[in-house]
Amino acid sequence: MPRVSIISVVRSEFLKLRTLRSTWLSFAITAALTIGFGALISYVTKMQFPKMSFVEKATFDPIAISLVGTLFAQFAVGVIGALMITSEFVSGSIRTTLAAVPSRMRVLVAKAAVLKFSVLIVGLICTFAAFLLGQVIMSGPGIPTATLANANTLRAVLLAGLYLMLLSLLGFGLGLIIRQTAGTISVFVSILLVLPLITFLLPSAWRDAIAKFLPSSLGRSMMSAPGAITETPLFGPWAATGILVGYVVLLIGIGAYLFERRDV
Amino acid sequence: MIEVQSLTKRFGDNLAVDDLSFTVKPGIVTGFLGPNGSGKSTTMRLILGLNSPTSGTATINGQRFAELKAPLREVGALLDAKALHPGRSARNQLVALALSNQISLSRVDEVLDIVGLTDVANRRAGDFSLGMSQRLGIASALLGDPGTLMFDEPINGLDPEGIRWVRDFFQQLADEGRTVLVSSHLMSEMALTADHFIIIGRGRMITEGSKEDLAKSGTGSVHVRTPLHQEFKQLVADKQWQMREEADAFVIEGVPVAEVGDQSFAAGIPLHELSAREVSLEDSFMALTAGAVEYTGRRMRKGKL
C-alpha cells in the first residue's frame, strides 16, 4: 500500500510553496533587488569612479559592488523562509498537515529541503545575473572589472547565492521558534539591521571583536574579494560561511526540538 | 474504531480533558457532545497526536496515530474548516494532502464532486464562506477513503440544504461500516444526526448511550384536567404517583400516559384533558450538562443590558 515517505512529503511541500502568490512575489522581489540594485549601484559607481580618491580606487571591489543587491534581497528570502512555517501556524493548517503526516521531523526536513533547493536555485540565478550585468555596466577605460575565470570571483558569486539560501533558512528557523509571521520578521530584520547599529555604539575594540560575527558581516566576507579593506575586521569567506551555517544549524535545531514537543 | 483510555490533558492549571474513556464503534454515527469549552476539540487533537496527552492513550484500529503508515487512508478528520491557507485554491489544498499520502489525483476530483465544490475548485479557499469551507474540510477528510472519520462541529455555517446533506451523508458513511465521530454543542442537531452519544462536560464523561438511553434519563410527564379534583387526588394517592398541581391541571411524573388514562376510566373519573409531555433529547442534554457549563450568559431584562 502506498504510504507516507520523505519523497511524498517533499512533493506535497513543493506544491504548497509554488501554489502561493506570496512565494512568486517574494522571488520576484528577490530578483528585482539583487539584479536591479546591483545594476543601479554599478552604474552610479562607474560615474563616480574618475572622481574617486587614490585610496578608494585602491580598495575598489567590482565583485562586491555588483552583488550589493543581495544585502537588500536577504530580507525577501528571509520572508519566504519565515512564511514557509509561520503561515501554517497562523492559519492553523499545520494541524491539517500533521494529521496527514504524523512524523513532525519528516514535515520539517521536507519543508527545509524544498526551501533550500528553491532559494538556492533562484539565488544563484540572481547573483550570477547581477554579477555579469554589473561588470558589463562598469566596464570602461581604467575601471577594474572582475571575471568568473578567476577562482576567487567565482567563489564570491556562488557564496552570494548560498548566503541568500542560508538567510532564508535563518528566517525558517526563527519562524519555527516564534510561530508568528510579524514577530518572526521583526526579529529577523532586527538581527540584520539593528544589531549592526548597536555594535557601532560600542568601544572600537569590542566592535572589532563582535561585528564580524553578525550575519550581515559574514555575508560581506562571503561575497567580497579576499583582503578587502573594511571598517571592521572580517572573517575569511570560508570561515564566514562555516559560522553562518552554524547559526542556521543551531536555530533550526532549537526550532526542531520545540516543534517535536509542543502542541499544535 | 477509536479507543480512548483514561485520557487526560492538562494546560497549566486547567484540566481540559479529565480521565476520559470511551470507544467509538464502526457502523454507527457517534455524536460527541458537550457545552463550549468542554474539551471536545482537545480530545480530537489528542486522538490525532496534535496535542500530547498528560496521561492515558488514544488509538485508531489499535494503533497510535503516530504509528500509522498512511494516516489519511486510516482516519480522515475535519478539525477546523477555516484552518487552511487562504491564498491556495481549494483543489490545491487537496492535491497537497493527496501527494503527501500518495493518493491518486483523480481521487481529488472525486471528493470535490462528492461535496459539490467542483465548480469552485480553482477559487482561493480564503474567499469561501464558512459553509463552503466545511464542505472542503469534509472533502479532505474523505480523501484517503478512510475507515474512521472525525468531524469537529461540521454543521456550523452550513445552510439548511447542507445540513440535511451532511446528516444523510454521515449516515451513509456509517452504513458502509465506517467509524464516524461527529462533535457538536447542539443536541437538537445531533438528535437527528447521531445514533449513539458521548456527552462530556469540563473534560469529564457525563454519560454515554443510545438515543433511547438518553430519552429515558429524563422522564416525561402527563398533564390531566378533570372536574373531579378530590376523586382524582384520591386515585393518585392510592396509586402512589408523583404529582404536582399547576394552575388548572395536574402534572404526573414518570407514569405512562396510557396508565393514567386507564386508571381514571376504571375509577369512573371523566377527563377533560389527558396529554403526554415528552422530554426532548435537548432537555435531557441541558439537564445533564447543567453543572458543567463553562460560560453562562445572563438573561436580559427588558430595556436593560
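This is a predicted model: local features need pLDDT of at least 70, side-chain atom pairs count only at pLDDT 80 or more; totals for chains, interfaces and linings use all residues.
Visitor: What makes a residue of chain A count as buried, and what share of the 264 residues does so?

Guide: A residue is buried if 20 or more other C-beta atoms lie within 10 Å of its own. In chain A, 44% of the residues pass that test.

Visitor: Now to chain B. Why is chain B called more spread out than a compact globule?

Guide: Let's start with its parts: chain B has eleven helices and 13 strands. The globule rule gives 19 Å for its 305 residues, but the radius of gyration is 24 Å, well over that, so chain B is more spread out than a compact globule. Its C-alpha trace spans about 80 × 50 × 45 Å along the principal axes, and 42% of its residues count as buried.

Visitor: Why are β11 and β13 of chain B said to stand at the edges of their sheet?

Guide: Look at the strand order in this open sheet of four strands: β11-β12-β10-β13 of chain B, with antiparallel pairing. β11(B) (242–245) and β13(B) (273–277) each have a single partner strand, so one side of each is left without a neighbour in the sheet. On average, neighbouring strands here are turned by 20° against each other, direction ignored.

Visitor: How do you know that β11(B) and β12(B) pair?

Guide: Pairing takes at least two bridges between the strands. β11(B) and β12(B) (residues 250–253) have four, in the antiparallel sense, so they count as paired. As an example, B:Glu245 has B:Phe250 in β12(B) as its bridge partner.

Visitor: What makes up the side of chain B that touches chain A?

Guide: Here 30 residues of chain B are in contact with 27 residues of chain A. The elements giving two or more residues to that side of chain B are α2(B) (71–74) and α3(B) (90–100). α3(B) gives the most, with six residues. By kind, the residues of this side divide into 17 nonpolar, ten polar and three charged.

How values were computed:
Residues are numbered from 1 along each chain as its sequence is written. Chains are lettered from A and ligands numbered from 1 in the order in which they are written. Two residues are in contact if their C-beta atoms, placed from the backbone, lie within 7 Å. Ala, Val, Leu, Ile, Met, Phe, Trp, Tyr, Cys and Pro count as nonpolar, Asp, Glu, Lys and Arg as charged, and the others, Gly among them, as polar. The radius of gyration is taken over C-alpha atoms; the globule rule is 2.2 Å times the number of residues to the power 0.38. A residue is buried if 20 or more other C-beta atoms lie within 10 Å of its own, exposed if 12 or fewer, and partly exposed in between; C-beta atoms are placed from the backbone. Axes are lines fitted to C-alpha atoms, for helices over the stretch in contact, and angles run from 0 to 180 degrees between N-to-C directions.
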